[in-house]
Amino acid sequence: MKLKEMLLYSERLFKETGYYYGLKELKLKEEDPLKFERCFARLRGAVVAARETALHISASPIVRNIGELCFALYTPEGDSIVLSTGIIVHVHTMSEAIKWMIRNDYEDDPGINDGDIFSNNDPLIGDVHPTDVHTMIPIFYKGEIVGWAGGVTHEIDIGATTPGHDPIASTSRFEDGLYLVCEKIGSNHRIHKDHRIRCQKAVRTPLYWDLDEKCRVAGCYIIRDAVLKFIEEEGIDYYKEFIREVIEDGRRIFIQRVKERLVPGRYRAVQFAAIPFKGKHPLKKASKNIFMHAPMEIEITKDGRIRLSFDGASKPGPHPFNCSETAMQGGLWVLLSQVITYDGRVNDGSYFAMEYHFPEGSWCNTKDPTASFGTPWMFLIPAYGGLFPCLSRGFFARGYREEVIAGYGPTGSMIAGGGISTILNLYFPVANFELSCVGLGASAVKDGLDWGYAMWNPESDQGDAEIWELLELGLPYLSRRVKPNTAGYGKYRGGSGWECIRVARNVKDFEIYLVSLCHLVGGGIFGGYPLNAGYLLRAHNTNLMEIFEKKMDYPIDDEIPAERKMEKLIKGEVIRNKEGVLFPTEFRDYDLIHYILFGGPGCGDPIEREPERVKEDLDGRIYTKEIAEKVFGVVAHEKDGKFVVDLKETEERRKKIREERRKKSISFEEFKKIEFENLKSLPEHVKEMFRESFELSPRFKKEFLEFYGLKEDFEIE
Amino acid sequence: MKEYDEKTIEELIDGKLPWQRLKEIITSEKDRKRFFIVREILQRRVKFPEKIILPLSFHLFIVDKNGERVIKCDCGFEFGDYRKNWKEKARVYIRDTMDKFLEIFPEFMTPDPDWIEIREYYCPSCFTLLEVEALPPGYPPIFEFLPDLDALEEWLKEISD
């Protein structure tokens, strides 16, 4: 049977029976469950070992130090069987790429043979964005294809219009940099020379590219060897049956987990992203404010299946933040593996256990072949911010409060760029990944994890400053510090964020760009608040050289922006604003940049937080005294560097907050009138968001009209 | 089958468990009777006589009131039929100006009122903050959770049997 026939056969069996590969019984598991588990652990161990070994080939700190890579083993038809740790968002995107090659008759042309090597980074086929590059090899046993090994790494640079791994200025695919569209890049177990030359000439960091590619290929071959050894020892018949059963087992575990921990019903959350490009983007077509709308609805059915829909999502546009369907599938998959199947059988069984709807023509399922997919994370990350709160309402209701997560901090202070080091006369990139350590949302029994979470890689790691300085030669750190008041307020607070200050040194032709969340934030559950928003802060033409030479105090924090510490410590042009985006801007020696890594959202009413915990927050600089008093109603006095809570004053303050709430709040009817009036004077980007969602979703429009009691012909003026 | 004593579950509900113990619970298989134990504990704590069907949040519960399924706050305030958004009976405070943001956010760390407003929903009786929304002006409130209570009953029956 050809691969295409095998894929159709597998899909038909699932459609007809509801069981993966039609497996109503798990014979191998039932006959010898210990052997079944041993075999799973053996293959899982092989892909984990592949990752841990192969990453040492890479020279990129993104891959080598903080682990932005992963490997997986697939069935001949492309369904994932086992996977490594790391950026497992890509386990499913590689599955889609393998299936795309099969569906497009690659077996006939260009052929799928033993020793072939394929590569892909096209989100319209299977990926999130081009900078995540796949390498896939077919695994043959005695002339028969028995599976695929795949590996992905996140590149430092992909040759886009702006340097770095997440371009912000692209308006179409043709500005995204290097695309590999499921290409055969090697045969006879060797990478083609012309491919290597082409790619190294297409990116700004050819050395890193080459070693990353070798890393992916090496990992795939470690998996292949382990699979062949497995087959030799366990038998080809056992292997073929096992790889199907283990996926069906994963599907069943997922459904069991849903029925064990959640509540059937309908869950909703709405998230947004603000792209303030008006007057900033150099191209007229892109110089406008964009408001991304992500209304999430989850239905948990009576039979334990999860249906997820983004019906009502707004439209794509001439920017790099559009998402393909495969990117959305990958994002969903990585999050579910963190909250539902984290200790179960993580593979494509979870994928087969659920249904999804990413509306075609919306930002989350862009089929436009010319669309830019440079940085879909700017939309995908906030959009999925609703998933944890939705599922957490179910966990809470079932009594499993320890599983509640109010959401997550967006990994959104994306600093990037590049320039020439005047010491080495060498190009250096700014491709920082310390943003993989933001605050996690609060639980319903404890605070969120401080500075230690990234939604796309469960093994988050900020990396040592010294390692980033080796890569980013011209941008040493002045400091990395806890940033007060970044944690979302709540009875249980969100994880705290942090801040960095860096200075340009020994550079020429050096540009930096930065996107941050300055306009809006989402999240918070059961009375907990969203995380706090950010701001941009930089300084040019400074006197830092003089400050260093005279050993004077230099800025190491911007803990309380109102204090304007930066402006007081240095002379020069200090720019502090809420613009949210800095397009590529030249930085010269002793220019300075500050950025915030965000906190997570909170859970529960902040005035119910135990005063002793607020004292710990004050001692640890998580919150300032002013916020403790205004938001948490905790009155504390500083003594010898530590805070002492005045319980009596705290009780009074909290009573007063409740009284203030009584006085200032309005009835729902009054609230509805105010919001209706707001419709007459909405900012243009809000109007545009509503218009796009109305056009794409009759249901969204219908519910909107019903809420306000409006007629069908109502339009946002 | 995994089980925890009531004291442990009470400490979990109150956020009092030490991290090591909490971590054990998070990483272990789940105690399948948890729902019933938590519900019993919460029933003892609330100030109303109606039987709790489903806890929705720290303060809101779906209860059985003479055969009707209604939402109540633990202070006793009744929000009505669980199939309607309880927010329609709540008191609301809209933070839609920079001044109102600065009441609770530090300067420069506020949202932008041109993009988003923060809505705080309070219980009209005890004025506990029950939910916070961050939405653009004009956006209808979110109806976050509509449980299928009949299907849940069947799931729970499987555990009880």
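Two residues count as being in contact here if their C-beta atoms, placed from the backbone, lie within 7 Å. What you're looking at is a predicted model, where local features need pLDDT of at least 70, side-chain atom pairs count only at pLDDT 80 or more, and totals for chains, interfaces and linings use all residues. Residues are numbered from 1 along each chain as its sequence is written, while chains are lettered from A and ligands numbered from 1 in the order in which they are written.

**View 1. Where chain B meets chain A.** Here 60 residues of chain B are in contact with 67 residues of chain A. On the chain B side, β7(B) gives the most, with six residues; strands are DSSP runs of E, at least two residues, and helices are runs of H or I, at least four, numbered from the N terminus. Other elements giving two or more residues include α1 (6–13), α3 (34–45) and α5 (149–160) of chain B. This side splits into 41 nonpolar, five polar and 14 charged residues (Ala, Val, Leu, Ile, Met, Phe, Trp, Tyr, Cys and Pro are nonpolar, Asp, Glu, Lys and Arg charged, and the others, Gly among them, polar).

View 2. Strand β8 (residues 265–276) of chain A pairs with β8(B) in the antiparallel sense, over three bridges; pairing takes at least two DSSP bridges. Look for Tyr267(A), which stands opposite Phe145(B) in β8(B).

**View 3. The two domains of chain B.** Domain 1 covers 1–45 and domain 2 covers 46–160, with bounds from an automatic or database domain assignment. Their C-alpha centres lie 24 Å apart. Seven residues of domain 1 are in contact with five of domain 2, and the domain 1 side of that meeting has two nonpolar, one polar and four charged residues.
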